[in-house]
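Trainee: I would like to learn how to read a fold from its coordinates. Can we go feature by feature?

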Amino acid sequence: MTNALVIGGTRFIGKWTVRELLDHDYDVTIFNRGNHENPFDETVTHIQGDRTNDAELAAAATEADPDVVIDCVAYKPREVRTATRIFEDVDAYVYISSGSAYGDEEIPKREGVTRLFECTNEQADEDSAESYGPRKAEGDRAIFAAADRGVNAMSVRPCIVYGPDDYGERFDYWITRVRTYDRVIIPGDGTNLWHRAYVEDVASALRTVAEEGEPGEAYNVGDQRLVTLEEMLHLMADALDTDIDVVHAGERELSIVDLTPDDFILWRDYPHVLATEKLAALGWESTPLHEAMQRTVDDHLESDRDGSEHDPGRENEERLLSVLDTI
């Protein structure tokens, strides 16, 4: 396999996937609308077009003539069904699904075992956050159906993805907090557990599945060592060469200043953990956490991202700290 087509390819997961493929001697073409700056030079071919336009996607398939397709921007089931038809003869079509596709809360969530969300016709055409998991699950079912008719289609399900170039700024919020303040409030007792995946590891997982995966199979991807929210903050502090005092605040304490645990990004009530043994059996490994966090923090420091859109309000936290100090 030498020719790869990345649908998307200019932002975050797509960008790192292109780099991963280039590092493993693939000839890479990206196909996207061109709404974001192309970070690659002439070594990467760019085809401009809209993946939701079937004719433009088919034309890109003809022009690129790929052996491998990595689909970073299939957000609706119809897009997956169309792509698996257009690319039915490739050596590997890899769809980026999500850990959000799982419909049951289990620890851990396992491929082929944990139930996926159902998806109504209405949800399949929505763009809402509430329908995201059902839409990704229905995309997975489109992969299974394609494999049943002989297409070399596979699925990769990341959990929360972090790392350099993360325009969502979820980690940037917490890095800014750790960098700026000696005392950082987190909801609950600090043991909140939401599985995360370093972006370079997601990229290597996509390549590994393309090369070694089985058609019709789905593969979870996430850090092989999990850390709690509090441990994550201490990893950030280590990367910043600083110390912090983590202050726990339960729902009752937060309510004093009109906050709830849900106001804090990357907080989740019930643990979200994905089993990753199936992917590891293909030879995939994740980056050691201290290395992944150091690269993430270094990129944050070089950027203008601060995660302020996720800020519940430091003034509220200061008020709460004052109250907690009197208890």
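Mentor: Start with a definition. Contact means heavy atoms within 4.5 Å. By that rule, the buried residues of helix 1 pack against strand 1, strand 2, strand 4, strand 5, strand 7 (160–162) and helix 7 (199–212). Keep in mind that this is a predicted model.

Trainee: Which residues of helix 1 are buried?

Mentor: They are Phe12, Ile13, Gly14, Lys15, Trp16, Thr17, Val18, Glu20 and Leu21. That makes nine of the twelve residues, so helix 1 is largely enclosed by the rest of the structure. As background, an α-helix has 3.6 residues a turn, so residues three or four places apart point the same way.

Trainee: How many Å should helix 1 span?

Mentor: At 1.5 Å a residue, its twelve residues should span 16 Å. The end C-alpha atoms of helix 1 lie 17 Å apart, which agrees. Just after helix 1, Asp25 has a positive phi of about 70 degrees.

Trainee: Now the sheet. What is the order of its strands?

Mentor: The general idea comes before the case. Strands of a sheet pair through backbone hydrogen bonds, either parallel or antiparallel. Here, seven strands form an open sheet in the order 3-2-1-4-5-6-10, and the pairing is parallel. Strand 3 (45–48) and strand 10 (218–221) stand at the edges. Each has a single partner strand, so one side of each is left without a neighbour in the sheet. From one strand to the next, the twist averages 20 degrees. Helix 1 (residues 12–23) packs on this sheet, touching strand 1 (3–7), strand 2 (27–32), strand 4 (68–71) and strand 5 (92–96). The direction of helix 1 makes about 175 degrees with that of strand 1.

Trainee: How many bridges join strand 6 to strand 10?

Mentor: Four, and the two strands run parallel. Ser155 has Ala218 in strand 10 as its bridge partner. Strand 5 and strand 6 are also joined by four bridges and run parallel. There, Tyr93 stands opposite Ala153 in strand 6.

Trainee: Is strand 6 buried or exposed?

Mentor: Buried. Six of its six residues are buried, so strand 6 is largely enclosed by the rest of the structure. Look at the two faces. Ala153, Ser155 and Arg157 point one way, while Met154, Val156 and Pro158 point the other way. All of them are buried.

Trainee: What about strand 8?

Mentor: Strand 8 (residues 183–187) is mostly covered, with four of its five residues buried. Five bridges join strand 8 to strand 11 (residues 245–249), and these strands run parallel. Across that pair, Val184 stands opposite Val246.

Trainee: Next, the core. Which residues touch the most other members of the largest nonpolar core?

Mentor: Think of a core as buried nonpolar residues joined through side-chain atoms within 4.5 Å. The largest one here has 76 residues, and Ile70, Trp174, Met232 and Leu233 touch the most other members. Helix 8 (residues 229–240) gives the most to this core, with eight residues. Take Leu233 as a case. Leaving aside neighbours within four places in sequence, Leu233 contacts Trp174, Val178, Val184, Ile186 and Ile244. A second, separate core has 22 residues, including Leu5, Val69, Ala83 and Phe87.

Trainee: How many disulfides does the structure hold?

Mentor: In general, a disulfide is a covalent bond between the sulfur atoms of two cysteines. This structure holds zero.

Trainee: One last residue. Where is Pro39?

Mentor: Pro39 sits in the loop between strand 2 and strand 3. Its relative accessible area is 36%, so Pro39 is partly exposed. Beyond neighbours within four places in sequence, Pro39 is in contact with Thr10 and Lys15. Now compare sequence with space. Pro39 and Pro312 are 273 residues apart in sequence and 33 Å apart in space, C-alpha to C-alpha.

Key
Residues are numbered from 1 along each chain as its sequence is written. This is a predicted model: local features need pLDDT of at least 70, side-chain atom pairs count only at pLDDT 80 or more; totals for chains, interfaces and linings use all residues. Side-chain values use heavy atoms; hydrogens and water are left out. Two strands pair if DSSP finds at least two bridges between them. Axes are lines fitted to C-alpha atoms, for helices over the stretch in contact, and angles run from 0 to 180 degrees between N-to-C directions. Buried means under 20% relative accessible area, exposed over 50%, partly exposed in between (1.4 Å probe, protein chains only). A disulfide is a pair of cysteine sulfur atoms within 2.5 Å. The expected span of a helix is 1.5 Å times one less than its number of residues.
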